[in-house]
2 protein chains.
Amino acid sequence: MSTAARAVPSEEPLAEEHAGLRAQHRRRVRDALVTSALSLFKERGFEHVTVDDVAKMAGVSRRTFFRHFATKEDVVMERRRRQLHTFAALLEGDDGRPALERVREACLSLADDFEAQRERVLAERALVMGNRELVARDMEVDRELEQVIVGAFAAHEGRRAAARRGGGRAAAPSIEARWMAAAVVGIVRVTLDDWAEGGGRTKLRAMGERGFTLLAGLERART
Amino acid sequence: MSTAARAVPSEEPLAEEHAGLRAQHRRRVRDALVTSALSLFKERGFEHVTVDDVAKMAGVSRRTFFRHFATKEDVVMERRRRQLHTFAALLEGDDGRPALERVREACLSLADDFEAQRERVLAERALVMGNRELVARDMEVDRELEQVIVGAFAAHEGRRAAARRGGGRAAAPSIEARWMAAAVVGIVRVTLDDWAEGGGRTKLRAMGERGFTLLAGLERART
DNA sequence: CGAAAAATGTCACTCAGTGCCACTTGACAC
DNA sequence: GTGTCAAGTGGCACTGAGTGACATTTTTCG
């Protein structure tokens, strides 16, 4: 909204389904750019690879790279961003369960994914942590994750209010919902850091469960 | 450490005191760059001002700008970074009080400063929120703040361990200390967002106190 | 005073990111 | 099919951030 959104490729629909030949090809190019970029970055380091290099390896022009990604950093965030979308999908809709419970499950399921793809996750993480710009972008995604989680808390507490309003747009999320979401994301991030620093040798899921136990204490403290 | 630290002006000593002629002048130039930059950015918007413009207004060369600030964004973060240093100073040393209590006081004192300088804080905040790069840098500072707070928690719980080690370097902070710090920073940030979104019309200190009440609940949940 | 160190200005260079325009190729109506 | 339209692309030129090298001035310190 306010973030002077670059004139960018309009947030891919992300719909795997059928899609026309055109969308299919676009997706292939995009994927080629991601894999080329990650491969080169891991090999030579983010700052010693130019966008030209990436484009050439993917078999497209430099100009096309920027039609798919607003910045050189964004191509590294692609995977995380897709994860974010599936994460958001997990939280869609509102069964009766408490929001924290649902968020907990979604996070722990993500933790399982991470442990299953340990090597890849650790390698990409090392790449990100080795560069200031990338760290900054990574936190940008954390903020988006936080917004998704705020949505989950707000949806839960706002069902009544929304109903009374006639099903219109949701009310602004309460400060408590935002507090909870910020705490969740912070704790999840730290847990992940800890796991990665230990070379992925600790039990990520177990740590995550401990973290959410703590968070349950936080929620109990809500008035 | 790992963040491929740019070859930058070596973290100003920040010592106000006497300082030689040389340091004095350097500080004056730096301040001139900051005020010029903020003035131009607020007037025309961050992306419609070049580093050349800023340097010219401050009466130095473009090259000198980059001897003081690693990036165009960093000059905007200067004020926050100084605040961070005074904040860290507040947490220096270890009286017997619980860490959360001391962090709470430091944060609430910061809240008072913000309310006292409402206009300036809100204006700079609007500047930052209006630009993606600046938001990312801002979160970078949040992370540094988090590290400082981790230090406070770790120092408190690590006194014994450090003593046994013979006063050597502190042990790595516990995951609980890191969780707490992440939760604190997240909640502080959201509280500030909320205050700013309301145009600074709400009571920041009161909100902050509520936030820390919540955090006390979190700490109780620690094993 | 004289030498080392710090700060600056100038110049040249790399590379990220953008606007513009011409060209190709799927998508879709008829 | 055929024509029309829009999307995706490549090429090119341009702005501006950031860096390295070198010469010059100015402070510090023995």
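1. Which helices of chain A and chain B each supply at least two residues of the surface near DNA strand D? They are H1 (21-44) and H3 (62-68) of chain A, together with H1 (21-44) and H3 (62-68) of chain B. Helices here are DSSP runs (H or I, at least four residues), numbered from the N terminus, and a residue is near a strand if one of its heavy atoms lies within 4 Å of it.

2. On the basis of the note: this is a predicted model, in which local features need pLDDT of at least 70, side-chain atom pairs count only at pLDDT 80 or more, and totals for chains, interfaces and linings use all residues. Residues are numbered from 1 along each chain as its sequence is written, chains are lettered from A and ligands numbered from 1 in the order in which they are written, and side-chain values use heavy atoms, with hydrogens and water left out.

3. DNA strand D is surrounded by 23 residues, the closest being Thr64(A), Arg67(A), Leu21(B), Arg62(B) and Lys72(B).

4. An N or O atom in the side chain of Arg22(A) is 3.0 Å from a base nitrogen. For Arg67(A), an N or O side-chain atom is 2.7 Å from a base oxygen, and the side chain of Arg22(B) likewise has an N or O atom 2.7 Å from a base oxygen.

5. Between the protein chains, 41 residues of chain B are in contact (heavy atoms within 4.5 Å) with 41 residues of chain A. About 4000 Å² is buried (accessible area, 1.4 Å probe, lost on putting the two parts together and summed over both), and carbon and sulfur atoms give 56% of that area. In chain B, Arg132(B), Trp179(B) and Leu214(B) lose the most area to chain A, together 22% of what that side buries.

6. There are 16 salt bridges between chain B and chain A (a side-chain nitrogen of Lys or Arg within 4 Å of a carboxyl oxygen of Asp or Glu). One of them joins Arg132(B) to Glu140(A), with the closest N and O atoms 2.5 Å apart. On the side of chain B that touches chain A, two or more residues come from each of H7 (132-157), H9 (175-197) and H10 (204-220) of chain B. H9(B) gives the most, with 14 residues.

Key. Polar contact = N/O pair within 3.5 Å; in protein donor to acceptor, adjacent residues only side chain to side chain.
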